[in-house]
Amino acid sequence: MGTKTFLSHSVTAILQALANGYQYGFDIMDITGLPSGTVYPALRRLEETGLVDSEWEKATIAQRQQRPPRKYYQLTADGKQALAEAVKRYRLASSFLPHSATAKPSRQRG
Amino acid sequence: MRLRNRPHLLLIKVVGVIVPRRLRADWKQEWAAELQTREAMLEDWDKLNWTTKLDLLRRSIGAFRDALWLQPRRLEDAMFQDLRFGVRMLLKNKSFTAVAVISLGLGIGANTAIFQLLDAVRLRALPVKAPNELAEVRMLNMDGARGGFGREPSVNNLIWEQIRDRQQAFSGICAWGADSVNLAPGGEARPARMLYVSGDFFNVLGVQPALGHVFTNTDDQRGCGDSGLVISHEFWQREYGGDETVIGRKLQLSDHAFEIIGVTPSSFFGMEVGKSFDLALPICAVALVRGNNNFLSGTMWWLTVTGRLKPGWSLEQANAHTLSISHGIFEAALPPNYPPVSVKDYLGSELIAVPAGSGVSALREEYEQPLLMLLAIAGLVLLIACANLANLLLARASAREREFAVRQALGASGGRLVRQLLVESLLLAVTGAALGAGLAQALSQFLVAFLSTTADPVFLNLTPDWRVLGFATGLAVLTCLLFGLAPAIRVTRMEPGTVMKSGGRGMTAGRERFSLRRALVVAQVALSLVLVAGALLFSRSLSNLANVHTGFRQKDSPDRASEFPPFEFTERALFEFHR
């Protein structure tokens, strides 16, 4: 599912950022340099096609920080496969994708 | 949370309004959480510098695109539930829907057809470059004009030549005159519409040839020989089947063969709305085709002068300028042997400049008033259709009272029910308008065909433009409000308990509920009576006109136009023929 669809450069970058552990919309913007008007619709489309799924963080964490709970995104098995194929197709991928060296330690999300 | 100091959070709140309701809460929470986390990570808001604040704002602006992206999900929203339910209800009662759509379609169709004609003769700009810069230079009145007349108001060739040489207000100026010419060498005449144009005509109007080239100033000099013939796109398609090798071929007109040098683009029909042209020749060539100099001397009034205003010149300035040079022009353009009684009037004539962006049209002058009247009558017809529909819908709403009472009892708000009814009305109006728009095309073409004769064909560009489509859409919305509002408002005044208790026989309620329907019927009958009386008078006049006794037997008399080239007949023979 979804693996046959053509992934654009920006969508590949977003998937790579997710794979590297950047799970929140704003973190993905920071690391990919894409504007919010691109990242969010892309995430919603990826979620629709089943390459990404999302969950709300635990209310206790949000309460402690006095803000609403955040939504985090992660790759599904299909998403991982699609990313691997896209990276193969874009030979110059390393020049624009977030490197695995920039991988973020997994965040606490309760 | 102090939204006032947090423009990015305020923006999310505002943009959230357009997010489909089902997703709105989650959507707002996601954006607010991200923005607040970012804010907390940075520092206290008041201590942030402007760059960081602007960055947060820039990110929140992206939410607008995100919200737009979610719009298709609206399909699952309440509004579309209303729409789906409305379609189901209309399909359930097919005969009602058919009657409503057909009566609306006829009403809207008649209105749109007449508006389309008005648009074509009155409102449309000429298909030339920057038509709003064009102005016509014409005689203030034709009192001093003596001789033969092509169209009025017009000028003669001598006046045109003086205007061309003396004017300062226009960056380019041209003249044109229409005539008809016989294409057949003998026997039955084959008339073609001829346009005589000054050399700069196509250049001033910015009309680029579709094929070959068009005239220049050097082609239009007194005493010119064959300086070529330009044909219209329509003539090219009709007579030559769009053959591209047409350039260089000869076409015989009278006893002179003209070489075809160019084809005009398909959009260009000439300067006269309601007419098109087949062939164009320079003005000087009229002497060759006609075999005499009458059109070039001052005795024929047949030319229309059109100029393109110089940049920075207003129409008022151009008008003042042409008025001021009038005297000199008429002095210099006084034809020899002019009837002495008219010389004073001729010399006292004045020239004015009027807007020419929508061309000139005999049709416009002739039919503008009748068309406006027809539009008013068609408007009345539509009004009757609306009253009729409102009545039908009221009756239907009474029959559906229980349905609404149940919905209200289950918690549907009055607004929701009104919306449901208005959506149903809108569906009817839109379907009716679509039918009407299709009908309008056929109707307006029929009207044009009705005005056209073989000798005087009417050509109007009837492709729908934004004005016609806007008119039809406006009518649809207006009719929807006219016939949909009354039943919708009635529903909100309903007491669900009373209706439920009456056991479905909602029709037994007081007399007050029928007063509106009675008023509608009275209005319908009154309006219909006016229209029927008017229609009877009209049709009576039409049948009288059609049966006017012309003094000869019209039945079995063929309508035939023949032309006899002069060299084939002696004067004696012609005399014998006409005797």
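Good morning. Please keep in mind throughout that the model is predicted.

I begin with the place where the chains meet. On one side, chain B contributes 15 residues, and these are in contact with 16 residues of chain A. Which elements of chain B give two or more residues to this side? They are helix H2, residues 21-42, and helix H3, residues 50-69. H2(B) provides the largest share, with 9 residues. Sorted by class, the side of chain B that touches chain A holds 6 charged, 5 nonpolar and 4 polar residues.

The axes of H2(B) and H3(B) lie 11 Å apart, and the helices pack at an angle of about 170°. An angle over 145 degrees counts as roughly antiparallel, and H2(B) and H3(B) are therefore roughly antiparallel to each other. From H2(B), the residues taking part are Trp31(B), Leu35(B), Arg38(B), Glu39(B) and Leu42(B). They meet Thr52(B), Leu56(B), Ser60(B) and Ala63(B) of H3(B). By class, this contact between the helices has 5 nonpolar, 2 polar and 2 charged residues.

I turn next to the interior. As a general point, nonpolar side chains in soluble globular proteins tend to be buried together. In this model, the largest nonpolar core has 66 residues. Which residues have the most contacts inside it? They are Trp176(B), Val197(B), Leu279(B) and Leu281(B). Strand E11 of chain B, residues 300-309, supplies the largest share of this core, namely 6 residues. Another core, of 43 residues, lies apart from it and includes Val273(B) and Tyr367(B).

Leu279(B) deserves a moment of its own. Leaving aside residues up to four places away in sequence, Leu279(B) touches Val181(B), Ala192(B), Met194(B), Leu229(B), Ile231(B) and Phe235(B).

Finally, we come to strand E5 of chain B, residues 191-197. Why is E5(B) described as largely enclosed by the rest of the structure? The reason is that 6 of its 7 residues are buried. E5(B) runs antiparallel to strand E4, residues 170-182, of chain B, and 7 bridges join the two. Within E5(B), Leu195(B) stands opposite Ala178(B). E5(B) also pairs with strand E10 of chain B, residues 279-282, this time in the parallel sense and over 4 bridges. Here we meet Leu279(B) again, as the bridge partner of Met194(B) in E10(B).

Thank you for your attention.

Terms used
Residues are numbered from 1 along each chain as its sequence is written. Chains are lettered from A and ligands numbered from 1 in the order in which they are written. This is a predicted model: local features need pLDDT of at least 70, side-chain atom pairs count only at pLDDT 80 or more; totals for chains, interfaces and linings use all residues. Two residues are in contact if their C-beta atoms, placed from the backbone, lie within 7 Å. Ala, Val, Leu, Ile, Met, Phe, Trp, Tyr, Cys and Pro count as nonpolar, Asp, Glu, Lys and Arg as charged, and the others, Gly among them, as polar. Axes are lines fitted to C-alpha atoms, for helices over the stretch in contact, and angles run from 0 to 180 degrees between N-to-C directions. Angles under 35 degrees count as roughly parallel, over 145 as roughly antiparallel, 65 to 115 as roughly perpendicular and the rest as oblique. A nonpolar core is a set of buried Ala, Val, Leu, Ile, Met, Phe, Trp, Tyr and Cys residues joined through C-beta atoms within 7 Å. A residue is buried if 20 or more other C-beta atoms lie within 10 Å of its own, exposed if 12 or fewer, and partly exposed in between; C-beta atoms are placed from the backbone. Two strands pair if DSSP finds at least two bridges between them.
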